[in-house]
Amino acid sequence: MKNKLGVHALVWVGGWSHEECERAMAQTAEIGFDLIEIPALDPSSIDSAFTRKMLDKYKLGTTMSLGLDDSTDISSGDPEKQKRGEARLMQVLDVARDIGATHVCGILYSAFQKYFDPPTQAGIAGSIDVMRRIGEHAAKDGITIGLEVVNRYESNVLNTAAQAVDYAKRVGLPNVRVHLDTYHMNIEEADLESALIDTGAMMGYFHIGESGRGYLGAGNIDFDRVFRGLAKAGYEGPITFESFSSAVVNKQLQGILGIWRNLWEDGADLARHAKGFIEHGMKAAHEAHA
Ligand code: FUD
């Protein structure tokens, strides 16, 4: 398997103090993941020099994820919000460059929130204009942008893989790619395997998560078909495990994602299980597809 395997930092910690940063890295490395995904909703909370030092110490790669908020919503059609959103994304790219991140992904194209109205064509066109400049800037540091497709309660812009492929084509840059996540796909896609195959080479990042966002295999997603879809799509990018429980709290994400229930206590057991589950599933899918 060529895919690098990652884990979202929220499996370990809710913040990014020096102690939390080191603890998250040590546990990620101990289980044998290749990379850690660091949430960057507030990029100013990340001490880049320290984070880089810890990545080196634990020999890990890294990626970053975030969503914009209402005041930085580049899909709003409001020039002031667009300007603030572009500045926020540029600020994240600076941190990503400083810590050596390979990917910046998430809800970068709109606010990360429940909307009460559909997007406008002008708003989407404005978002695409900003994304082109972000993509060009990211390319200078070899960073891939992942446009994360999320369910209808977390954005009104990209809810299906097909919408994201269309948006990415309109941006028209090789490093601006589609980021799919099984938790969201399970809500919005008619068929997960076909959506993966149809996205094909446009896919640049992947989140694996269960329907309830807890242990893989403990929900209703047919992961055999997901792994088969990834193999058939020829996807070789990162596969990052994402899971949220009220056991590890980040106030901002808890509210947006509705993390009210305690789905697990032991992040290490959860992550070790996820790694084995992905490796086993991908191996079987590649063998069947070979
Ligand atoms: C949101 C989601 C996440 C989010 C990231 C932020 O539902 O799936 O990927 O963008 O966790 O760090």
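I count positions from 1 along each chain as its sequence is written. The model is predicted, so to speak of local features I need pLDDT of at least 70, side-chain atom pairs count only at pLDDT 80 or more, and totals for chains, interfaces and linings use all residues.

My cut-offs, with C-beta atoms placed from the backbone, are 20 or more others within 10 Å for buried, 12 or fewer for exposed, and partly exposed in between. I also checked Lys53 against Asp69, 16 residues along the chain: their C-alpha atoms are separated by 30 Å.

**Whole protein.** I noted 10 helices and 8 strands. The C-alpha atoms fill a box of roughly 45 × 40 × 35 Å along the principal axes. Of the 290 residues, 49% count as buried.

**Core.** The largest nonpolar core holds 86 residues, and Val104 and Leu147 have the most contacts inside it. Such a core is a set of buried Ala, Val, Leu, Ile, Met, Phe, Trp, Tyr and Cys residues joined through C-beta atoms within 7 Å.

Which residues does Val104 touch, leaving out those up to four places away in sequence? My list for Val104 reads Met64, Val92, Leu93, Ala96, Ala138, Ile143 and Ile145. A contact here puts two C-beta atoms, placed from the backbone, within 7 Å.

Technical notes: Helices (H or I, at least four residues) and strands (E, at least two) are DSSP runs, numbered from the N terminus.
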